[in-house]
Amino acid sequence: RQTNIIWIFFTASSLILSRYQSRSESVLEQIKDLIKFVFLQRFWLLKDLWSFLVVFICFVMFVLWNGGIVLGDKTSHQPKFHFAQITWFLCTCMLFNFPRWMSDMYSFSRNIHRANSKKLLGYFSTFLLTFFVFSIATYYFCYDHPFLQSDNRHYTFYIWKNLVRKYPFFSKAILLPFTATISSFFFVKSLLDAKKSWLWICLFSVCIGMTLIPSHLFEPRYFVIPYLLFEVHAKQTYPKWIE
């Protein structure tokens, strides 16, 4: 897909972050330090990342030659602010990681009584705020594509027909956002457990958003690359009975 240029950018940026070290815990301070690092190491970056630069130049040439990023029928691939794609992606992550994350959830529930009231309030407030954001964004920025409604050869047709279109409020404002909220916590936790920095997680999240949100069509194959990258970088934990 043409949006793979974003993952080329992510790979190059990850390489830079692997050479960059910051003692600051603030993401904003880390970004400032990173900009200084890039400026000071610009000749090293050109030496080690020239192949990525070639790909970027070729991509720009393609866009100029093609008159846009879309191949084929441009009217059927108009970009939209389709935030529900993030919700669908996180629900997909939950589906494939359900046994592993259920084990983490069980461990969390067993140890939650040890947390003080202030920490519990923080957990609860963060969960409610995240759920509220996902609920509003999913309900108001969830779109059906003509391909989705007309092609019954794909299981997404039946998900949309029997869930989203049949129960619009329950699915878009409650069920999907609730699942995505839980998934987002374990998504971030798995990356933090793998010693990924908040700056790296922000970069990864922004790239996922840039790849998925403009896509009008709900299509799980769009999730393959970000999901595989998540599995590669996340810490792999398993229930004790499997180990």
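Two residues are in contact when they have heavy atoms within 4.5 Å of each other. This is a predicted model, so keep that in mind throughout.

With that cut-off, take Thr211, which sits in helix H10 (residues 198-212). Leaving out residues up to four places away in sequence, Thr211 touches Arg1, Thr3, Ile6 and Trp7. Its relative accessibility is 2%, so Thr211 counts as buried.

Phe134 is another one to click on. You'll find Phe134 in helix H6 (residues 117-140), and setting aside neighbours within four places in sequence, its contacts are Phe83, Ile86, Thr87, Leu90, Pro177, Ala180, Thr181 and Ser184. Thr87 is 47 residues away along the chain, yet the two C-alpha atoms are 7.2 Å apart.

Here are the two side by side:

| Residue | Helix | Relative accessibility |
|---|---|---|
| Phe134 | H6 (residues 117-140) | 9% |
| Thr211 | H10 (residues 198-212) | 2% |

Why does Phe134 count as buried? Buried means under 20% relative accessible area, and Phe134 has 9%, so it qualifies.

Now zoom out. The protein has eleven helices and zero strands, and 37% of its 243 residues count as buried. Of the contacts between residues at least 6 apart in sequence, 79% join residues at least 24 apart.

What about the inside? The largest nonpolar core holds 50 residues, and the ones with the most contacts inside it are Trp88, Phe89, Phe187, Leu191, Phe204, Ile208 and Phe230. Helices that give two or more residues to this core include H1 (4-19), H2 (27-40), H5 (84-111), H9 (168-193) and H11 (224-233). H5 gives the most, with nine residues. As for Phe204, beyond its neighbours within four places in sequence, its contacts are Trp7, Phe10, Phe187, Leu191, Pro226, Leu229 and Phe230.

Last stop: helix H8 (residues 155-164), where Thr156, Phe157, Trp160 and Val164 are buried. Viewed down the H8 axis, the buried residues fall within an arc of 110°, so they line one face of the helix. An α-helix has 3.6 residues a turn, so residues three or four places apart point the same way.

How values were computed:
Residues numbered from 1 in each chain as written. Predicted model: local features only at pLDDT ≥ 70, side-chain atom pairs only at ≥ 80, totals over all residues. Heavy atoms only, no water. Helix = DSSP H or I, 4+ residues; strand = E, 2+ residues; numbered from the N terminus. Buried < 20%, exposed > 50% of the residue type's maximum accessible area, 1.4 Å probe, protein only. Arc of directions from axis to C-beta. Core = buried A, V, L, I, M, F, W, Y, C linked by side-chain atoms within 4.5 Å.
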